[in-house]
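The following paragraphs lead the reader through one protein structure, from its overall layout to particular residues. Please keep the sequence and the model in view while reading.

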Amino acid sequence: ERARWLPLATGVTLRRGQTVARQGEPATHLYLVQSGFLKVLQLTAEGTELIVRFVAPGEPFGGVVALSGAPYPV
């Protein structure tokens, strides 16, 4: 399945701490982590950041919501 999608992909190099997507924004991209880790946070009503999960190399992020047109939940 990945082999079918990779020719359509664009590579992006991110710095530590750089934001990929924000909670509530329209989901427009599916991300596949190639190296490093992506920390997924969710903001509480009080503004506290909660770590939801870490996305490891080879794992996707944002796919379900990007394909459905929903906003990023985290």
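In which loop is glycine 24 found? Glycine 24 is found in the loop between H1 and S1. The model in which this placement is read is a predicted one. Glycine 24 counts as exposed because its relative accessibility is 52%, and the threshold for that class is over 50%. Although glycine 24 and tyrosine 72 are 48 residues apart in sequence, their C-alpha atoms are 5.2 Å apart in space.

The protein contains 2 helices and 4 strands, and their order along the sequence follows the pattern α-β-β-β-β-α. Of the 74 residues in the protein, 18% are buried.

The loop between H1 and S1 also holds leucine 30. Leucine 30 has a relative accessible area of 44% and is therefore classed as partly exposed. Together with Trp5 and Leu8, Leu30 makes a nonpolar surface patch of about 350 Å².

The next feature is the largest pocket. Its volume is about 1,800 Å³, and 40 residues line it. Those that lie nearest the centre of the pocket are Leu14, Val20, Tyr31, Val33 and Leu38. The elements that contribute two or more residues to this lining are helix H1 (2-5) and the strands S1 (31-32), S2 (38-43), S3 (49-55) and S4 (60-61). Strand S2 supplies the largest share, with 5 residues. Sorted by class, the lining of the largest pocket consists of 22 nonpolar, 11 polar and 7 charged residues.

Strand S3 deserves a separate look through one of its residues. Leucine 50 is found in this strand, and its relative accessible area of 43% makes leucine 50 partly exposed. Leucine 50 and valine 40 are 10 residues apart in sequence, and the distance between their C-alpha atoms is 8.5 Å.

Charged side chains provide another point of interest. Side chains of opposite charge can pair when their charged atoms come close. How many salt bridges does the count come to? The count comes to 1 salt bridge. In this salt bridge the side chains of arginine 53 and glutamate 59 meet, with a distance of 3.3 Å from N to O. The pair qualifies because a salt bridge requires such a nitrogen and a carboxyl oxygen to be within 4 Å. Arginine 53 is partly exposed, with a relative accessible area of 36%. Glutamate 59 is also partly exposed, at 30% relative accessibility.

Where does alanine 70 lie? Alanine 70 lies in the segment after helix H2 (63-68). Its relative accessibility is 25%, so alanine 70 counts as partly exposed. In sequence, alanine 70 and serine 35 are 35 residues apart, and in space their C-alpha atoms are 26 Å apart.

Definitions and conventions. Residues numbered from 1 in each chain as written. Predicted model: local features only at pLDDT ≥ 70, side-chain atom pairs only at ≥ 80, totals over all residues. Heavy atoms only, no water. 1 Å grid on protein atoms, 1.4 Å probe; cavity = no way out; pocket = protein on both sides within 12 Å on 5 of 7 lines; lining within 4 Å. Points joined across faces, edges and corners; volume = space filled by probe spheres on them. Nonpolar A, V, L, I, M, F, W, Y, C, P; charged D, E, K, R; others polar. Buried < 20%, exposed > 50% of the residue type's maximum accessible area, 1.4 Å probe, protein only. Patch = residues over 30% accessible without salt bridge, like charges linked within 9 Å, V, L, I, M, F, W, Y side chains within 5 Å. Areas by Shrake-Rupley, 256 points an atom, 1.4 Å probe, with all protein chains shown as cover.
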